[in-house]
Amino acid sequence: MDVILFIKQLINGIQVGSIYALIALGYTMVYGIVKLINFAHGDFIMVGGYVAVFSIPLLTGHGLPAWLCILGAVVICTVIGCATEKIAYKPLRGAPSLSVLITAIAMSLFLENLALILFSSSPRPMSNVFNLEPIQLGEIQISGITLITIGLSILIMVGLQMFIKGTRMGKAMRAVSEDGGAAILMGISTDRTISLTFAIGSGLAGVAAVMYCSAYPQVQPYMGSMLGLKAFIAAVLGGIGSVPGAMVGGIVIGLVESMTKGYISTQLSDAVVFAILILVLLIKPTGLFGKNVGEKV
């Protein structure tokens with residue numbers, strides 16, 4: 001039975017870790033380009049969740065599959081992410097980092113309280129998005145949403161890595177990340193590159209929102225806070241600014257959380273995750289895949 005429990009916790013950890021990885025990609029991409037920790041990113045998950053809750057009845061009422069709510073969540077999250085960048089962050093480029101950090105926290109609080117006013121604090125149940133039969137492997141049952149979450153996350157991560165490495169815009173993003181001034185001299189539009197980065201990161205948050213709400217079918221205004229913090233820890237663990245690091249960090253955090261719940265205590269799982277953040281900052285602040293960057297004086 002111990003082996004069965006271990007395998008179940010392993011599968012659960014990979015599932016939730018895949019969601020953390022998708023969210024962490026948004027953090028790490030934005031930080032890699034503009035050196036900004038977008039604390040409002042977790043609340044994009046909440047926005048995507050509400051979009052899914054309200055769009056599913058409309059879709060099913062017109063005979064369309066419920067999973068199309070992913071498209072709505074991606075579009076709305078992308079629009080809000082780009083608007084946040086234009087309104088709140090773009091005017092602060094070149095401002096002290098503390099000012100930008102305070103603005104990011106303020107945007108997070110604004111989105112949470114706006115949702116609280118519009119939808120109240122009561123959790124809203126979410127209808128079933130994917131109607132798939134679970135797979136039975138001996139004594140282990142794997143749900144359809146688990147398979148979809150892991151598979152979709154892998155496809156998105158591989159596709160994003162190919163986009164960054166092989167496309168013109170992906171190369172422009174890497175150039176701006178390495179040296180924004182030199183990128184401008186080479187004819188690269190930093191404004192367009194930054195907007196694209198926010199759009200991709202916010203769109204991934206929309207996908208993660210539907211995947212998370214499918215596994216835990218309820219939405220409430222503060223759901224993005226803890227999700228965002230754990231995804232941020234995953235990004236720091238992997239190396240903030242590193243796309244592969246965000247993927248690995250998300251999976252590791254998901255596994256640690258799942259194993260803690262299975263073998264130690266469900267109440268201590270969050271504490272263990274935050275302890276990892278402290279250890280990483282003390283032992284290897286650059287994370288698993290981060291690089292030490294010298295600062296010129």
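User: By class, which residues make up the lining of the second largest pocket?

Analyst: Rolling a probe the size of a water molecule over the atoms shows where empty space is left. In this predicted model, the lining of the second largest pocket has 15 nonpolar, 5 polar and 4 charged residues. The pocket has a volume of about 560 Å³. Of its 24 lining residues, Val34, Lys35, Leu36, Gly94 and Val100 lie nearest the centre. Helices H1, H3, H4, H6 and H8 are the elements that each give two or more residues to this lining, and H4 gives the most, with 4 residues.

User: How many salt bridges does the structure hold, and which residues are linked in a network of them?

Analyst: Side chains of opposite charge can pair when their charged atoms come close. The structure holds 6 salt bridges, and a network of them links Glu85, Lys90, Arg93 and Asp191. Within it, Arg93 meets Glu85 at 2.4 Å, N to O. Arg93 also meets Asp191 at 2.4 Å, N to O; this pair joins the loop between H3 and H4 to helix H8, 98 residues apart.

User: Is Glu85 buried or exposed?

Analyst: Glu85 has 1% relative accessibility, so it counts as buried. Arg93, at 34%, is partly exposed, and Asp191, at 31%, is also partly exposed.

User: Which residue meets Lys230 in a salt bridge?

Analyst: The side chain of Lys230 meets that of Glu257 at 2.5 Å, N to O. The pair links helix H9 to helix H10, 27 residues apart. Lys230 is buried at 6% relative accessible area, and Glu257 is buried at 4%.

Key: Residues numbered from 1 in each chain as written. Predicted model: local features only at pLDDT ≥ 70, side-chain atom pairs only at ≥ 80, totals over all residues. Heavy atoms only, no water. 1 Å grid on protein atoms, 1.4 Å probe; cavity = no way out; pocket = protein on both sides within 12 Å on 5 of 7 lines; lining within 4 Å. Points joined across faces, edges and corners; volume = space filled by probe spheres on them. Nonpolar A, V, L, I, M, F, W, Y, C, P; charged D, E, K, R; others polar. Salt bridge = Lys/Arg side-chain N within 4 Å of Asp/Glu carboxyl O. Buried < 20%, exposed > 50% of the residue type's maximum accessible area, 1.4 Å probe, protein only.
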